[in-house]
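Welcome, and please take a first look around this protein. The report below walks through its strands, its cores, its charged pairs and a few spots on its surface.

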Amino acid sequence: MIGSLLKMSRTTVKKYLIRLKESGLNIEEVLELSDKDLSDLLQEKSEEVINERQIQLEKLLPVYCKRLKRKGVTREMLYREYKEKYPAGYSRSRFCDYLMKHQVANSAVMHLEHKAGDKLFIDFAGKKLSIVDPSSGEVTSVEVFVAILPCSQLTYVEAVMSQKKEDLILACEHTLQYIEGVPQVIVPDNLRAAVTKSSKYEAVINEDFADFADHYGCSVIPTRAYRPRDKALVEGAVKLIYRSIYLRLEERIFHDLNTLNAAIRVALEVHNNAPFSGRSYSRRDQFEEIERMTLGKLNPIRYELKKQCVVTVMKNGHVRLSEDAHYYSVPCKHIGKRVKLLYTSTLVEVYFRYEKIAEHARSYSRFRYTTDQDHLASHHRAYTEMECRKVYPGGCLYPS
């Protein structure tokens, strides 16, 4: 009757009754027991038998798991070593089973709560895209830059020509313009364009990339070297864009970066506005609701990458910018000295011992001179003015 009411076999009911009788408890005491105590009372206790072989192997497991991380070390190698030391030890399958269980038990990960507006993770995708020259048919592979805000998971993707610092900085700037704000920290992988020297404790940031971050009022903290879990979020974003963006671009031919990036932007908007699996909101919804207002203000002045080179002032009082094959004047007292040129797309500055000694608007005219009359020696200035009066009676015009 009890079995039919509880829908269990008579044997199970009989077993429970016997256990209750052996416990010596009356019905009132049984009803006062917690669910766990009642379960312990009625269920069979399975006692794990630990033998000598298991004790021996468990002492070795931490060392084996540590050695297994080394390049070239295999389970087979460790098992042969184990059997040489303990010929009566476990079989290979049992050994590998204990080894795997120990690895799982000691590989716990911590869940990180990402604050809104705190970080921006950046990286380059492993798979490249390509553009095709319409005249020659030459195929050029291009890099794919990926950035993600970890809190809302809003993602930005852009194709660039290389992983050089110029392209990295430009892609980062486009990312900030896309999200219309600035996070507190940019977190790159140990890219050569972003990190001059990687370190487990304090990496050396590329000077130009650090200058870019300073211009927009944020910091740069690279992930730790050889710690893939530090960048797991952006790695996951890369895998997602393979499915959501790369697949949409398959079998399409692009002849330049602009058309390729226009197609990427369309697919990117679909990706960011698609609802999360099993949820009613998207990355864009989450960004607009909880993260947009936490981002810092975007500097209205765009960042211009400054290049630099060290040159010697020539005897004619000019320095040569090799990139444009153009010459710029400096004060004549610095003739023969080594000076540093800092230049952008619009400006050329000349420094000597950290002091700016000249500044010119950048000119792209090859093999021409830009001269400031105040930089000339007095006798050169007088001669130039005399020659100019012959050509221009109304006054001297200096080339610029």
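Strand S9 (residues 307-312) pairs with strand S12 (residues 338-343) in the antiparallel sense, over six bridges. Strands here are DSSP runs of E with at least two residues, helices are runs of H or I with at least four residues, and both are numbered from the N terminus. Two strands count as paired if DSSP finds at least two bridges between them. Within this pairing, Thr312 stands opposite Arg338 of S12.

Before going on, please note that this is a predicted model, in which local features need pLDDT of at least 70 and side-chain atom pairs count only at pLDDT 80 or more, while totals for chains, interfaces and linings use all residues. Residues are numbered from 1 along each chain as its sequence is written, and side-chain values use heavy atoms, with hydrogens and water left out.

S12 also has strand S13 (residues 347-352) as an antiparallel partner, and four bridges join the two. Follow the chain from S12 to S13 and you pass through a hairpin of three residues. Here Leu342 has Glu349 in S13 as its bridge partner.

Another place to look is an open sheet of three strands with mixed pairing, in the order S10-S11-S15. Which strands stand at its edges? They are strand S10 (318-321) and strand S15 (369-370); each has a single partner strand, so one side of each is left without a neighbour in the sheet. S10 and strand S11 (residues 326-329) are antiparallel and share four bridges. One of the facing pairs is Arg320 with Tyr327, the latter in S11.

Now to the inside of the protein. A nonpolar core is a set of buried Ala, Val, Leu, Ile, Met, Phe, Trp, Tyr and Cys residues joined through side-chain atoms within 4.5 Å. Buried means under 20% relative accessible area, exposed means over 50%, and partly exposed lies in between (1.4 Å probe, protein chains only). The largest nonpolar core has 54 residues, and those with the most contacts inside it are Ile122, Phe145, Phe209, Phe212 and Leu260. What is Phe212 in contact with, leaving aside its neighbours within four places in sequence? Its partners are Ile169, Cys172, Glu173, Leu176, Ile186 and Tyr303, where contact means heavy atoms within 4.5 Å. There is also a second, separate core of 15 residues, which includes Leu60, Leu68, Leu78 and Tyr98.

Charged side chains come next. A salt bridge is a side-chain nitrogen of Lys or Arg within 4 Å of a carboxyl oxygen of Asp or Glu, and by this rule the count comes to 19. The table shows some of them.

| Salt bridge | N to O distance |
|---|---|
| Glu81 and Arg67 | 2.8 Å |
| Glu288 and Arg292 | 2.7 Å |
| Arg92 and Glu76 | 2.5 Å |

The salt bridge of Glu81 with Arg67 links distant parts of the chain: Glu81 sits in helix H6 (residues 75-85) and Arg67 in helix H5 (residues 52-68), 14 residues apart. Glu81 is partly exposed at 31%, as is Arg67 at 21%.

Glu288 is partly exposed at 34%, and Arg292 at 26%. Salt bridges that share partners join Glu180, Glu269, Arg284, Glu288 and Arg292 into one network.

Most residues other than glycine have a negative phi. Phi of Glu180, however, is positive, near 55 degrees. Glu180 lies in the loop between helix H8 (165-179) and strand S5 (185-188), and it is exposed, with a relative accessible area of 54%. Glu251 also has a positive phi, of about 65 degrees, although it is not a glycine. Glu251 is in the loop between helix H10 (232-249) and helix H11 (257-273), and is exposed at 84% relative accessibility.
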